[in-house]
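Here is a friendly conversation about reading a protein model.

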Amino acid sequence: MSVIDDVIKANAQYALKHELVHVSPRPKRRLAILTCMDTRLSIRTLGLQVGDAHMIRNAGGIVTADSLRSLLVSHILLGTEEVMIINHTDCGLLNHTDAEIHERVRQNAGIGVDPLPPFYCFTNLDENVRRQMESLCSHSWLPKKVTIRGFVYEVETGRLREIES
């Protein structure tokens, strides 16, 4: 049985006890979080509940065209007023290069694969958070009234450390 089969089976068990509780698509805390897809960071580690915030995830917690799209929907259509950008220690993109990952993709595919997308690797965690904050703060589509703050989640301690812009 695959992991997906396990999830489907667990969902069937959950559905037997599911109670429809109204959770609005509008986050109760008016908060959007752009963070990494890492499994060690969740709403629970941030002291949040289901429905409190939008979680927008990608490898590295990077401001991309797609994450910007999601943040704009979150703000314009669903009322978020604050954005947290959270990177974390021990990130898979830390201390790698795009060229290295491009080569691995080519090797895994067994063929020439061009063009490959950027993977946004980085070597300095704090500086990467600053770059993402600057990318959002300077974007003309996001109003200046939206609060944007950056953090590093330290997986070793479970604590957030704020990064000044």
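The dialogue below goes from the overall layout to single residues.

Q: What should I know before I start reading?

A: This is a predicted model, so local features need pLDDT of at least 70 and side-chain atom pairs count only at pLDDT 80 or more, while totals for chains, interfaces and linings use all residues. Residues are numbered from 1 along each chain as its sequence is written, and side-chain values use heavy atoms, with hydrogens and water left out.

Q: How many helices and strands does the chain have?

A: Helices (H or I, at least four residues) and strands (E, at least two) are DSSP runs, numbered from the N terminus. Here the chain has 4 helices and 5 strands. Their order along the sequence is α-β-β-α-β-α-α-β-β. Along the principal axes, the C-alpha atoms fill a box of roughly 50 × 50 × 35 Å.

Q: How do I read strand pairing, and in which sense do E3 and E4 pair, parallel or antiparallel?

A: Two strands count as paired if DSSP finds at least two bridges between them. E3 and E4 pair in the parallel sense, over 7 bridges. Within that pairing, Ile85 has Gly150 of E4 as its bridge partner.

Q: What about E4 and E5, parallel or antiparallel?

A: Strand E4 (residues 147–154) pairs with strand E5 (residues 159–163) in the antiparallel sense, over 5 bridges. Gly150 has a bridge partner in E5, namely Ile163, and Val152 stands opposite Arg161 in E5. The two strands form a hairpin with 4 residues between them, and Gly158 in the turn has a positive phi of about 80°.

Q: Where should I picture the side chains along a strand?

A: In a regular strand the side chains alternate between the two faces of the sheet.

Q: Which residues other than glycine have a positive phi?

A: Asn95 is one of them, with phi near 65°. Asn95 sits in the loop between strand E3 (82–88) and helix H3 (98–109). Tyr120 is another, with phi near 60°, and Tyr120 lies in the loop between H3 and helix H4 (125–137).

Q: Are Asn95 and Tyr120 buried, partly exposed or exposed?

A: Buried means under 20% relative accessible area, exposed means over 50%, and partly exposed is in between (1.4 Å probe, protein chains only). Asn95 counts as exposed because its relative accessibility is 55%. Tyr120 has a relative accessible area of 37%, so Tyr120 is partly exposed. For the whole chain, buried residues make up 37% of the 165 residues.

Q: How many disulfides are there?

A: A disulfide is a pair of cysteine sulfur atoms within 2.5 Å. By this rule the count is 0. Take Cys91: the closest cysteine sulfur, in Cys36, is 4.3 Å from its own sulfur, so the two are too far apart for a bond. Cys91 is buried, because its relative accessibility is 9%. Cys137, with a relative accessible area of 34%, is partly exposed.

Q: Which residues form a nonpolar patch on the surface?

A: Patches are made of residues with over 30% relative accessible area and no salt bridge; like charges are joined within 9 Å, and nonpolar side chains (Val, Leu, Ile, Met, Phe, Trp, Tyr) within 5 Å. A salt bridge is a side-chain nitrogen of Lys or Arg within 4 Å of a carboxyl oxygen of Asp or Glu. Accessible areas come from the Shrake-Rupley method with a 1.4 Å probe, and for residues only the protein chains shown count as cover. In this model Val21, Val23 and Val50 form such a patch, with about 280 Å² of accessible area together. Val21 is in the loop between helix H1 (3–17) and strand E1 (31–36), and Val21 is exposed because its relative accessible area is 58%. The chain exposes about 10600 Å², and carbon and sulfur atoms supply 55% of that.

Q: Which residues does Asn128 contact, beyond its neighbours within four places in sequence?

A: Contact means heavy atoms within 4.5 Å. With those neighbours left aside, Asn128 is in contact with Gly60, Ile62, Asn87 and Phe122. Asn128 is in helix H4 and is buried, because its relative accessible area is 2%. Between C-alpha atoms, Asn128 and Val152 are 9.9 Å apart in space and 24 residues apart in sequence. Across the chain, among contacts between residues at least 6 apart in sequence, 63% join residues at least 24 apart.
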